[in-house]
Amino acid sequence: MCAHKYPVVTKVSTSNGDYPITSFVTQEIFDSAVAYKPDPDDLFICSFPKNGTTWTIYILHMLRGGCMDFAGEDNLSKYYACMDFIGGEKTKELAQPRMIQTHLRCNQLPINDTNKYVFVARNPKDTVVSFYYHTKGFDFYEFSDGKFDDFFDHFVDGKHDFGDYFDMVPYWWEESIKRKNVHFLLYEDLKSNFECELEKMAKFMGEDCHESLLKNDKAKLKAIAEKAQINTMKKNLNKFMPRKRPDDLPFVRKGVIGDWRNVLNQKQSQLLDDKLKEAGKKHPGFDRLWDNYREDL
């Protein structure tokens, strides 16, 4: 039985106070991650948890010329580093050019004007639902029998691992406005207009990447669009998340826009609407990012 009302996380010390992070991350690992000195060709894939991180990594892996299929024991996790979970020193052991995944805030990362950073963001309502099912499926959260209402409160208070959604995602959005080497994309845009967003990512990655995507009558673009379909990925989940999860709580669950309607009540929905508006006052324009999806939100 679940022994905790809320998912188990740990806290590490930062210059801005305690920071909640996944329970197996030590202070040493965290310090090593934030002290990481990137090589010029390191690519950072950044996000709040359950915002399409693995999906985006797979797309970028293929865009950079990586394999589209994984044979035998091969899987996607061998081609990128989860720097938050292993630290900077272990990240350096990955062969170049590296893909580095992180859920850290932009002021915690070794951000610069040289490396490329791709940030993917998902609306907060679908995020909280997906994050809830995510925590129930990993034993280190000790939350297998946890209730959604309790998790929702935990999410709104920013007490789960990687802290407050509304204190993390808006800053990355503002960073993308200030820096040409930060590409901010919406999960919803990627779902709704995949090929267009794929082209934008390829252009961001560089002229050679974009040309490769479009040559031979867009052969690579069409192949990536097929391989990166959520239903296609679901058929080979062990290639994207080797860690075992319960069959009824797969790592890639639905991947749709608007699933929150099946879980959130009216009060919870309104609270997240209010939180988004508050974030928009502090970060003008952030609350309008999902205007094209009002019917879903």
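1. Phe-119 has Phe-184 as its bridge partner, the latter lying in strand E7. The assignment is made on a predicted model, and the remarks below should be read accordingly.

2. How much of strand E6 is covered? Of the six residues in this strand, which covers 116-121, five are buried, and E6 is therefore mostly covered, given that burial requires a relative accessible area under 20%.

3. As to the cysteines, the model contains zero disulfides. Cys-46 takes part in none; the nearest cysteine sulfur belongs to Cys-106 and lies 9.1 Å away, whereas a disulfide requires two cysteine sulfur atoms within 2.5 Å. Cys-46 is buried, its relative accessible area being 0%.

4. Cys-82 is likewise in no disulfide. The cysteine sulfur nearest to that of Cys-82 is the one of Cys-46, at 12 Å. Is Cys-82 buried or partly exposed? Cys-82 counts as partly exposed because its relative accessibility is 21%, the limit for a buried residue being under 20%.

How values were computed:
Residues are numbered from 1 along each chain as its sequence is written. This is a predicted model: local features need pLDDT of at least 70, side-chain atom pairs count only at pLDDT 80 or more; totals for chains, interfaces and linings use all residues. Side-chain values use heavy atoms; hydrogens and water are left out. Buried means under 20% relative accessible area, exposed over 50%, partly exposed in between (1.4 Å probe, protein chains only). Helices (H or I, at least four residues) and strands (E, at least two) are DSSP runs, numbered from the N terminus. Two strands pair if DSSP finds at least two bridges between them.
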